[in-house]
Amino acid sequence: MSADPFGTAALRSSTLDGWVASPTRLAEDAAAEADLVTVGYRDRLLTELAANAADAAAAAGVVGELSIWVDGDELHVANTGEPLTVEGVRSLAALRVSAKTPTGGQIGRFGVGFTATATVADRVEVRSRTGSIVFDRAETVEAVREAGLSVDTVPVLRLVWPSKVEPAEGFDTEVVLSLREPSGPLIEAMLAQAPDLVVELAALQRITVGGVEIEAERSAGPGVADDEASSAIVTVSVSGAGSSSTQRWLEVTRGGTRWLVDADGGRTPDHDVLRAPTPTDIELSLPCRCITDLALTPDRRHLHPRAEIRYAAAGYVDLLLLLDPVRRLQLVPELHLARNRDDVRLIEAVREQLRDTAWLPGADGEALLPSRSVVLIGLTDRLAEILAEHFADLVHPDISLAQHLPTMGRLGVEELGLAALAERLGGLQHEPSWWHDLYEALAPLVSTGREVEELGALPIPRSDGRMSVGVRGLFVSDRIATPMRWIPTVHTDARHSLLERLGVQELSVTDALADPALRVLIEDIDPEGAGDDGLAAEICAVLRADPDAAVPTWLATLPLLDTDGELRPADELLLPDSPLLSVLVDDHPFGVVDDEVVSECGAGELRRLGVGWGFLTVDDELPVAPDHDLPDEEDWWDTLPDAPERLTAVRDLDLIDDRSWSEALTMMATDEDIAPLLADRDGYTSWWLRRHAEVDGLLLGEYRAPSDEILAGIIDPLDHPHADALVGALARLEPDTAVDADLLLTRLGDPERDISAGAAVMVHAAVVAACRRGVIDPADVEVPERVRTIAGIVTERAVVVDQPWFLQAVPDLEAVLAGPTITPADAEVLATLLDLPLGSEEYTATVRDPGDTATWAHPEAVRFGAERGVEVPRGQVRLHDELWISLRSADSRRDIRVRWWVEDGVTHLELRATSTS
């Protein structure tokens, strides 16, 4: 190899000749280099050397590697690639002259980037496989002086000398810088810059700085829809010094621009700079890194005046399309964050593409044009899944948040409120279950009254197959699952708690049956028509939903088909196998329900409507008059002191065949609804049965309950398996009417009956009490032919004892008592009823001797009061050793010894044998 393969001697001679010929030229070269060193290429040493290394690797078509190490005060920067050439040496020794062609993909094109070496060194050596050269400030000064020039400052990189030192092994070129300052800060800065440089300089794969290896590996990225764009994953690994780290970049290339973002979703830096491809001084606020091939000024810090930064926007949308929905929106640049005019222009260009290109993630996964998109704040994945079929313009749920609304709004996206959503849902045809799922998904969006109001026009499927707009007038029911033509209800499969929050009302079976609209429907049925158009089946389905629901009495007027094909009110019909049919008279007015109606409606539900099975009842919550079409109702009403608070009565009792009363009573006693009426003595049912129902030739009121032992012997017990359950319809001790009193008194006078004296007295007392209360008028009671005395015998001649002392004188065979205790008033009433004299009227009694006068303080008087259970009375007391009275009647006179007697207010007492005065 020649000692001077690049002709450096000739280059030095030519340059020195020029300086000698024009010393000003020397000063200009020195000043120009100083400007580049202090201004243009400050802090760009590694950037420029890496760019040269990348150009060399690209020119040679090899993998670019750059290695940096320090040896003493020398910084070594070695690279692979095309070695030094004659043209390269001439470019290095010239100012603003480059050997690179602009069309070859080369980075350097102005020939000034190598000047960065002069920022840190006064001696720069370039060693290459094809030869080596040296730039040295000291030797340049010496050469200038030898040429006869006297100057204070000379450029370092104008005069070049040959060198024989070869590059380090494994490298094609090596730059050695004799540093003016310590290398530590410089190496530290290079370590920080290297990870970005391997990304920016695609031809440079690896940079090693002092044992730390920074390597970029490029692999295919996700597919890009447009063939004019491509993507790659750039993985930057940093290893050495006992630690390692990795960063992955997603890169999209379109034309001469590359847009990059952290492939793993790392935080976007607050600001960056434009890279072309290495960093410029143009600050950018865009959240993605931009590497472009736009022309720069010679110092590579600013755009060339003819460069249009808007062109760099190409590929931004391509990058966003590869990201998840949230990140796409996060990477939308905002004008208010722009840092300079270039930043503004680039942001405007990007936003223009974002407005005019489909990139916004849609709910169905397709990209949307922002100006034709809507966002529903709070949209969930489930709601999006449901709506996607009909809302192709709905943006993805991940970005349907209030915090993203300003960003999307500035791009032309419109907000879809709940009111607009409800309006757009109108007219959709789906199964009720689809609407339920929609309400389930909508529910989380409804938290205040405002949202409730906005959903006022929400479509809601009804049980009858129609759709309602809004909840007004709609009902839901926990029990009713069938449609009701008179009340609009939400379809069971569509029901959701959201609808109740919106205002749908809860409906009970009782409310549904009592609805006035149903009553109108029933009243509008043509009784001459062929049927009820299925209304009965609907009503019975509602009844079936709640066996305990109250049924309005007017539902009994519902027309139903009978076996003759005619419509008749439900309460005029019986079920086909009704046991009531077996106890009715032959000419009863009831019809029989058609079998098909029974099959459709159900026997149990028809019975609740009023169709007869057993006995039917009349119910009136507040009766005011005897107007319920009950037989003899007015007569019963007249027995009441006031109108009853409620009327519940068995109807049609007058239609029972007299031969069937035993079976009829069994039916009533075993009916849980009617059985209580049989115990209500004052109620209509018991009242009518006592007076009209006959069993074995006697009225029911002429029998007693078997358990009623008080009337044993007086009233015969009813021989019936449910006799005790009929107690309200049977006779009792206390008479309700004069007829009842007649029965009791007549039975007492029946000599064929074995009745005790006590029972007779109790009957007398009960009849007298009824008269005293005004229940019975004694004048209405028939006088019995015979009476029963306290001797238990029946006689036609007797007296009613009206004074207790007369019991000592009147024979038991004649004495009749009005009660367990003798009171003149009761005795007088009984005497009237039995048409008997009083004892005090029939007999005259006189105390035979006056006796000894005493007071009630006398022991005998005290004993007498205690025995009778009365307080010590007042008045005179006369004591007798033997007390005799003369008792006279119209046809007899006799003397009778008694223990005590009252005559003219004086109490006469017989002394006991042991008593003393």
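Reader: Thanks! How many bridges join strand 35 to strand 38?
Author: Four bridges join them, and the two strands run antiparallel. Strands here are DSSP runs of E with at least two residues, helices are runs of H or I with at least four, and both are numbered from the N terminus. Two strands pair if DSSP finds at least two bridges between them. Before we go on: this is a predicted model, where local features need pLDDT of at least 70 and side-chain atom pairs count only at pLDDT 80 or more, while totals for chains, interfaces and linings use all residues. Residues are numbered from 1 along each chain as its sequence is written, and side-chain values use heavy atoms, with hydrogens and water left out.

Reader: Good to know. Which residue stands opposite Thr846 in strand 38?
Author: Thr846 stands opposite Ser886 there.

Reader: And what sheet are those strands part of?
Author: An open sheet of three strands, in the order 35-38-39, with antiparallel pairing. Its edge strands are strand 35 (844–847) and strand 39 (893–897), each of which pairs on one side only. On average, neighbouring strands in this sheet are turned by 25 degrees against each other, direction ignored. Axes for such angles are lines fitted to C-alpha atoms, for helices over the stretch in contact, and angles run from 0 to 180 degrees between N-to-C directions.

Reader: Let's jump elsewhere. How many bridges are there between strand 9 and strand 10?
Author: Strand 9 and strand 10 (residues 243–254) pair in the antiparallel sense over 12 bridges.

Reader: What does strand 8 do with strand 9?
Author: Strand 8 (residues 212–220) is joined to strand 9 (residues 229–240) by eight bridges, and they run antiparallel. There, Ala216 stands opposite Val236 in strand 9.

Reader: Now aromatics! How many aromatic pairs are there?
Author: The count comes to 13 aromatic pairs. The rule is that rings of Phe, Tyr and Trp (its six-membered ring) pair if their centres lie within 6.5 Å; planes under 30 degrees apart count as stacked, over 60 as edge-to-face and the rest as tilted.

Reader: What is the pair of Trp69 and Phe171 like?
Author: It is tilted, with 6.5 Å centre to centre and 40 degrees between the planes. Trp69 lies in strand 1 (residues 64–71) and Phe171 in the loop between strand 5 (160–163) and strand 6 (173–179), so the pair ties together parts that are 102 residues apart in sequence.

Reader: Is Phe171 buried or exposed?
Author: Phe171 counts as buried, at 17% relative accessibility, and Trp69 as partly exposed, at 25%. Buried means under 20% relative accessible area, exposed over 50%, partly exposed in between (1.4 Å probe, protein chains only).

Reader: Last one: which residues touch the most other members in the largest nonpolar core?
Author: Ile68, Leu75 and Phe135 do, in a core of 51 residues. Such a core is a set of buried Ala, Val, Leu, Ile, Met, Phe, Trp, Tyr and Cys residues joined through side-chain atoms within 4.5 Å. Helix 6 (residues 184–200) gives the most to this core, with seven residues. A second, separate core of 41 residues includes Val261, Leu368, Met408 and Leu411.
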